[in-house]
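Please read this briefing with the sequence and the three-dimensional structure side by side, and find each residue in both as it comes up.

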Amino acid sequence: MESTSRAFKSNARRALADPTLQTALGMAKTGFPLKRLHAIERLPEFEALREEGKRIKNHTLAHLDFYLEEFERKVIEQCIDVALQAPNGGNLGRYHFVVVTDPAKRAGLAEVYRKAAAEFLLPRRETYGPRIFASSVYLAEHLHEVPVHIIPCIEGRAEQAGPLAQANKYGSILPATWSLMLALRARGLGSAWTTLHILYEKEVAALLGIPEDCTQAALLPVAYFTGTDFKPAKRVPGHERTYWDAWGQTNGGGGDCSGVSGDAGR
Ligand SMILES: Cc1cc2nc3c(=O)[nH]c(=O)nc-3n(C[C@H](O)[C@H](O)[C@H](O)COP(=O)(O)O)c2cc1C
């Protein structure tokens, strides 16, 4: 589902140019007032309804912040429901999503994130290409401004599990996390996959009351995006990393893991 709200003005202009609509609008000045009068005569409760309509409008405008917040909550809940169509091990439903909107908690999260970024990201400037490094630093510097953060969690501690259990644990939360990003995107909301805060996962757990035996899988900062000039991301092409019958046997040879760094090694 593609949001069309940004094209509202041009869409409205095109719709208003419709000849049938224009003819109807031309008659509105004469026919409409009479028809309206007759309709009111047939509806004794018209005045009461109009007053009630006015009251609802004024109340809504006076509490717009509240209603917009409620709307955002519904959008996020809907996205999480969509995301949960992703598979999860044994269909056990051990996933949880902590949605953080409280300004003080968002500031606390950003503080932890920045501490982790300074420790982990800054020394790796050369590993990630300049584009990713610059955008990661920007995100770290502005994280507290992001209106919503979502932390997908899975019950149990991943690091205490063996390889199979780890794969099952992360495999039961990461597909839903990516689906959540796609569902948000379809509704005009951008998000970014981040994990840096996990360096100080316990501090975030304490801030948000996440139980000790839950594994945090990511942190998605979420906000409405501006602009629509999205383009395909640069990736090492699939055919270079697809092996037929044995590791390294691509359609054109190759399959070496070494030497690939940021920006998909380009
Ligand atoms: C597992 C994983 C963890 C990541 N962690 C972070 C992070 O903590 N901070 C960050 O800025 N970007 C992080 N990224 C990178 C961004 O999500 C994003 O993929 C990157 O900026 C490249 O953008 P692109 O996907 O549009 O090419 C992570 C990506 C993945 C897959």
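Predicted model: local features only at pLDDT ≥ 70, side-chain atom pairs only at ≥ 80, totals over all residues.

**Overall form**

- Along its principal axes, the C-alpha trace of the protein spans about 80 × 50 × 40 Å.
- Of the 266 residues in the protein, 17% are buried.

**The largest nonpolar core**

- The largest nonpolar core of the protein has 34 residues, and those with the most contacts inside it are Tyr-113, Ile-150, Leu-180, Leu-184 and Val-222.
- At least two residues of this core come from each of helix 5 (64–83), strand 1 (95–100), helix 6 (103–121), strand 2 (148–155), helix 9 (174–186) and strand 5 (220–224).
- Helix 6 gives the most to this core, with a contribution of seven residues.

**Strand 2 and its partners**

- Strand 2 is largely enclosed by the rest of the structure, because seven of its eight residues are buried.
- Strand 1 and strand 2 run antiparallel and are joined by six bridges, and in one of the pairings between residues Val-98 has Ile-151 of strand 2 as its bridge partner.
- Strand 2 and strand 5 also run antiparallel, with three bridges joining them, and here Ile-150 stands opposite Leu-220 in strand 5.
- Three bridges join strand 2 to strand 4 (residues 214–216), and these two strands run antiparallel, with Gln-216 in strand 4 as the bridge partner of Cys-153.

**Helix 6 and what covers it**

- Which residues of helix 6 are buried? They are Leu-109, Ala-110, Val-112, Tyr-113, Ala-116, Ala-117 and Leu-121.
- An α-helix has 3.6 residues a turn, so residues three or four places apart point the same way.
- The buried residues of helix 6 are covered by elements that include strand 1, helix 7 (130–142), strand 2 and helix 10 (201–208).
- Tyr-113, one of the residues with the most contacts inside the core, touches Ala-140, Leu-143, Leu-196 and His-197 when residues up to four places away in sequence are not counted.
- Leu-143 lies in the loop between helix 7 and strand 2, and Leu-143 is buried because 24 other C-beta atoms lie within 10 Å, where 20 or more are needed.
- Leu-143 touches Ala-110, Tyr-113 and Pro-221, again not counting residues up to four places away in sequence.
- Although Leu-143 and Ala-110 are 33 residues apart in sequence, they are 5.4 Å apart in space, C-alpha to C-alpha.

**The surroundings of the ligand**

- The residues that surround the ligand are Ile-132, Ser-135, Ser-136, Leu-139, Ala-192, Trp-193, Thr-194, Thr-195, Leu-196 and Ala-233.
- Sorted by class, this shell around the ligand has six nonpolar residues, four polar residues and no charged residues.
- Leu-196 is one of the residues that surround the ligand, and Leu-196 is also among the residues that Tyr-113 touches.

**Single residues to look up**

- Most residues other than glycine have a negative phi.
- Asn-91 has a positive phi of about 50 degrees although it is not a glycine, and Asn-91 is found in the loop between helix 5 and strand 1.
- Asn-91 is exposed, because 8 other C-beta atoms lie within 10 Å and a residue with 12 or fewer counts as exposed.
- Asp-245, which is found in the segment after strand 5, has a positive phi near 70 degrees and is likewise a residue other than glycine.
- Asp-245 has 5 other C-beta atoms within 10 Å and is therefore exposed.
- Is Tyr-170 buried, exposed or partly exposed? Tyr-170, which lies in helix 8 (residues 163–171), is partly exposed, because 17 other C-beta atoms lie within 10 Å.
- Tyr-170 touches Ala-158 and Ala-217, not counting residues up to four places away in sequence.
- Tyr-170 and Gly-89 are 81 residues apart in sequence, and in space they are 9.3 Å apart, C-alpha to C-alpha.

Conventions:
Residues numbered from 1 in each chain as written. Core = buried A, V, L, I, M, F, W, Y, C linked by C-beta atoms within 7 Å. Helix = DSSP H or I, 4+ residues; strand = E, 2+ residues; numbered from the N terminus. Contact = placed C-beta atoms within 7 Å. Near = placed C-beta within 6 Å. Nonpolar A, V, L, I, M, F, W, Y, C, P; charged D, E, K, R; others polar. Pairing = 2+ DSSP bridges.
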